[in-house]
Amino acid sequence: MSNLRPHLLIIDALNLIRRLHAVQAQQALTPAQALVATRANLINTSKKLLAASEPTHAIAVFDGEVHSWRKEVYPAYKEGRTPMPEELREGLAELQDAFWECGVDALLSQTDEADDLVATLACGMAKHGHQSTIISTDKGFCQLLCPQIQVRDYFNKRWLDAAFVQQQYGVTPAQLVDFWALTGIGGSNIKGVPGIGPKTATALLLQYGSLAALLSACQHEEASKSLLKLRLHQEDALLAQRLVRLQRDIPLGFNLRDIRYPPQPDSAE
């Protein structure tokens with residue numbers, strides 16, 4: 001194990017759990033039975049992910065009851081999202097135990113969103129030249145893509161890689177934050193620039209490269225209609241950019257040896 005290059009498996013826990021639970025909720029089961037079935041499927045899925053990824057380290061990251069900084073600067077953030085089923089919320093501690101049963105530690109913060117914690121973990125590994133695999137269907141993680149960070153959509157059995165980003169959005173992973181700053185993200189209730197849709201956003205970024213360059217270009221008198229829209233709503237674009245960009249520098253309070261897989265409490269890095 002000590003000779004293996006570090007590879008961290010990061011599981012977006014609620015993303016995985018909610019989808020597994022939704023499958024069970026469609027069956028003719030009581031809420032209690034659905035929770036038991038979800039736990040069994042979670043253990044089975046976690047074992048599959050561990051076997052396929054062969055990580056040296058693993059962690060499941062949960063969202064806590066967080067009133068995040070995004071909600072502070074933008075109260076409408078994630079407004080209108082379907083709440084978690086109550087029986088699932090009440091069973092989260094039991095589902096957290098399911099990860100531990102598989103030898104995977106769980107991280108839950110009362111102050112930070114799971115997405116920012118995932119980004120901090122993956123980027124911290126990348127800074128040291130180490131690999132991370134993020135398990136999630138959330139395309140927001142594609143902004144992190146680089147040679148050291150990959151994103152796996154377990155349910156659709158596909159990699160959310162640079163080719164996927166190109167096909168889906170027509171831009172590079174490095175341009176995704178600026179793309180969403182222009183278009184907004186409906187699922188998080190983040191507004192972009194009114195009148196700029198995905199096709200226009202792609203065309204603008206292909207021509208100018210970044211939101212910063214677009215903001216500079218839109219100040220010119222001969223600016224195109226799209227750039228004039230941006231000039232009128234540049235504060236909206238900058239706010240959306242800030243909300244969409246994942247934080248990568250949250251103090252975590254633990255180090256790599258604490259999340260070894262399989263767990264080796266007495267081992268040293």
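## Starting point

Helices here are DSSP runs of H or I at least four residues long, strands are E runs of at least two, and both are numbered from the N terminus. With that naming, Glu54 sits in the loop between α2 and β2. Keep in mind that what you're looking at is a predicted model.

Glu54 is worth a look for its backbone: phi is positive, at about 50 degrees, even though the residue is not a glycine. Further along, the peptide bond running from Tyr261 to Pro262 is cis, and its omega is near -10 degrees. Pro262 belongs to the segment after α12.

What makes these two spots stand out? Most residues other than glycine have a negative phi, and most peptide bonds are trans.

## The sheet

Now for the strands. Six of them form an open sheet with mixed pairing, in the order β3-β2-β1-β4-β5-β6. At the edges you'll find β3 (105–109) and β6 (158–159), each of which pairs on one side only.

Take β1 (residues 7–12) and β4 (residues 131–135): they run parallel to each other and are paired over five bridges.

## The largest pocket

The largest pocket holds about 1400 Å³ of space. It is lined by 41 residues, and Arg18, Asp63, Lys78, Arg81 and Glu113 are the closest to its centre.

About 250 Å³ of space lies in the second largest pocket. Its lining has 14 residues, and the ones closest to the centre are Leu121, Gly124, Met125, Leu252 and Leu256.

Sorted by class, the lining of this second pocket comes out at eight nonpolar, five polar and one charged. Helix α6 (residues 114–127) gives the most to it, with four residues.

## Salt bridges

How many salt bridges are there? The count comes to five, taking a Lys or Arg side-chain nitrogen within 4 Å of an Asp or Glu carboxyl oxygen as the test. One to look at is Arg39 with Glu101, where the closest N and O atoms are 3.1 Å apart. Arg39 is in helix α2 (residues 31–53) and Glu101 is in helix α5, so this pair ties together parts that lie 62 residues apart in sequence.

Definitions and conventions: Residues numbered from 1 in each chain as written. Predicted model: local features only at pLDDT ≥ 70, side-chain atom pairs only at ≥ 80, totals over all residues. Heavy atoms only, no water. 1 Å grid on protein atoms, 1.4 Å probe; cavity = no way out; pocket = protein on both sides within 12 Å on 5 of 7 lines; lining within 4 Å. Points joined across faces, edges and corners; volume = space filled by probe spheres on them. Nonpolar A, V, L, I, M, F, W, Y, C, P; charged D, E, K, R; others polar. Pairing = 2+ DSSP bridges.
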